[in-house]
Amino acid sequence: MSETTDPRDRLIVALDVPGVAEAEALIDRLGDAATFYKIGYRLAYAGGLALAERLVAVGNKVFLDLKLHDIGNTIEEGVRAVSGLGATFLTVHAYPQTMRAAVKGRGHGLKILAVTVLTSYDDADAAEAGYALPVADLVAKRAAQAAEIGIDGLVCSAAEAAGVRRIVGPDRLIVTPGIRPAGAEAGDQKRVMTPGDARRAGIDHVVVGRPITGAADPRAVARAIVAEMA
Ligand SMILES: O=C(O)c1cc(=O)[nH]c(=O)n1[C@@H]1O[C@H](COP(=O)(O)O)[C@@H](O)[C@H]1O
């Protein structure tokens, strides 16, 4: 596991809000409780890429969660274009062609994270999508392929983190959504874990959206999550 220097960096706040004004209001309310923000395609399509550049300019870290998946040439050139924005992380889906192309296009310190199996999937969902393997086995297979290809980190649920760590070794990042403080609503997430259990399982970063975006006091929730992972 690679250690981040600031414990707040372990928490990545998902800015899953409709637009830049709402994102900026949330960032203001979080204050110094958060340092690392995830911009998904909902916000990216609504001015979020310019927001990403502004956040980076004032010293924050940004995870661009664009979940790219396409033919190799389109991925390589797309990742090359994203590399100029100053983000720390970019997601692609963990398909071998896609991952190889993303590694070719990566530049300017951008790290590529491969999304193994979405945390809203359980074994029945994977079967419905045509996969013969249970989720844990599919995550393990994709983690091994990602490491072989030279991907910087994996997105998986914290439930698979210890197994993924054994496969990918200490130097690749493990980033886990599907995080719920004790008592929080799971919503559509099916593979969930608390921040403390995730940390003990060896993750580098957790991604948290609704437990923070929907909180009466987002700053207090963010601080509690960071403290739980200390
Ligand atoms: O790539 C991601 O960030 C991601 C992968 C995954 O497997 N599951 C997952 O929930 N995410 C993202 O992580 C965030 C989780 O949000 P909450 O469920 O509201 O905490 C959302 O922005 C999702 O798009």
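Visitor: How many residues surround the ligand, and which are the closest?

Guide: In this predicted model, the ligand is surrounded by 17 residues, and the closest are A14, T119, P177, G209 and R210. Sorted by class, the shell around the ligand divides into seven nonpolar, seven polar and three charged residues.

Visitor: Which strands form the closed barrel, and in what order do they run?

Guide: The closed barrel has eight strands, running β1-β2-β3-β4-β5-β6-β7-β8 with parallel pairing, and the twist from one strand to the next averages 25°.

Visitor: What describes two packed helices?

Guide: The general idea is that two packed helices are described by the angle between their axes and by the distance between the axes. Taking α6 and α7 here, the axes come within 9 Å and cross at roughly 30°. Angles under 35 degrees count as roughly parallel, and α6 and α7 are therefore roughly parallel to each other. The crossing in which α6 passes α7 is right-handed.

Visitor: Which residues make the contact of α6 with α7?

Guide: From α6 the contact takes A136, V139, A140, A143, A144 and A147, while α7 contributes G163, V164, I167 and V168. By class, the residues of this contact of α6 with α7 divide into nine nonpolar, one polar and no charged.

Visitor: At what angle do the axes of α4 and α6 cross?

Guide: Helix α4 (residues 96–105) and helix α6 (residues 135–149) have axes that come within 10 Å and cross at roughly 30°, which makes α4 roughly parallel to α6. The crossing of α4 and α6 is right-handed. On the α4 side the contact is made by P96, M99, R100 and V103, and on the α6 side by Q145, A146 and I149.

Visitor: How many residues of each class does the contact of α4 with α6 have?

Guide: The contact of α4 with α6 has five nonpolar, one polar and one charged residues.

Note on methods:
Residues numbered from 1 in each chain as written. Predicted model: local features only at pLDDT ≥ 70, side-chain atom pairs only at ≥ 80, totals over all residues. Near = placed C-beta within 6 Å. Nonpolar A, V, L, I, M, F, W, Y, C, P; charged D, E, K, R; others polar. Axes fitted to C-alpha atoms, helices over the stretch in contact; angles between N-to-C directions. Helix = DSSP H or I, 4+ residues; strand = E, 2+ residues; numbered from the N terminus. Parallel < 35°, antiparallel > 145°, perpendicular 65-115°, else oblique. Left-handed = near helix turned anticlockwise from the far one by under 90°. Contact = placed C-beta atoms within 7 Å. Pairing = 2+ DSSP bridges.
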